[in-house]
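Q: Could you walk me through the ligand site in this one, with the cut-offs spelled out as we go?

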Amino acid sequence: MEISASILSVKEEESVHTFYRLELAHIDYYHIDVMDGKFVEKDTSELMKIYSDNLKNITSIPLDVHLMVEDVKKYVDIFSSNEPKSITFHLEAAKNKEEILELIKYIKQYSKVGISIKPNTNVEEVYEYLPLVHSVLVMTVEPGKGGQKLIQETIEKIRKLKEYIEKNNLDTEIEADGGIGLDNIKELKDAGLDIAVVGTSLINAKDYKYTVNKLKSI
Ligand code: DX5
Ligand code: ZN
């Protein structure tokens, strides 16, 4: 299982030092949470662009961009210049199947594609797109802010999705995002998680290397 570190709650004045500590801890990805003030209340787009530009200058660890935005193409255009490994958009941001297919194709010009679902969206809704995308990002909290508690029912969605992927011989990866830490990582792994997005429980930890190793080995 891989660790994608969410830098949403990294303080600007501490960012250089925090990124340095994350580098030494050998995270697998930097998770960039882009919010537009419309799809969710907060607007983090400017700060996340600054962080992405900074990271591109100092790291070879890939960027994992999570777009919590209404106008997906607009933000793909902005963040694709940072050459992320993957760009994930929300199923709920598109109005119909045609738009979803169009967005998948659009993102594929630049990077791998992920599709994300909010806690109240049924996992069956992504099934038809699984052969076309590289990953599904299952939100384990309501998108919008860090530091929330994982919604227990979402783990069942991961289990169901994993079963479907295996049954159909697909190679889509499952990523989960929100409220993940040492207390629930085992359960998520057992459910079939491939990539864990970890925000506050890592950023607030004293020892990053210990926490990353522990999350991976538990
Ligand atoms: C929530 C974001 C998450 C989140 C992760 O809208 O997509 O990436 O901030 O942070 P924690 O681990 O604190 O929930
Ligand atoms: Zn996220």
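This is a predicted model: local features need pLDDT of at least 70, side-chain atom pairs count only at pLDDT 80 or more; totals for chains, interfaces and linings use all residues.

A: Residues are numbered from 1 along each chain as written, chains are lettered from A and ligands numbered from 1 in the order written, and side-chain values use heavy atoms, leaving out hydrogens and water.

Q: Which residues come nearest to ligand 1?

A: Of the 20 residues around ligand 1, those are Asp33, Gly144, Gly147, Asp177 and Thr200, where being near takes a heavy atom within 4 Å.

Q: And what lies 2.8 Å from an oxygen atom of the ligand?

A: A backbone N or O atom of Gly147 does, and so does a polar backbone atom of Gly179, whereas a polar side-chain atom of His66 is 3.3 Å from a ligand oxygen atom; a polar contact here is a pair of N or O atoms within 3.5 Å.

Q: How much of ligand 1 does the protein cover?

A: The protein covers 99% of the 370 Å² of accessible area that ligand 1 has on its own, by the Shrake-Rupley method with a 1.4 Å probe.

Q: Switching to secondary structure, which element gives the most to the shell?

A: Strand S2 does, with 3 residues, strands being DSSP runs (E) of at least two residues.

Note on methods:
A polar contact is a pair of N or O atoms within 3.5 Å; within protein, one must be able to donate a hydrogen and the other to accept it, and residues adjacent in sequence count only if both atoms are side-chain atoms. Helices (H or I, at least four residues) and strands (E, at least two) are DSSP runs, numbered from the N terminus.
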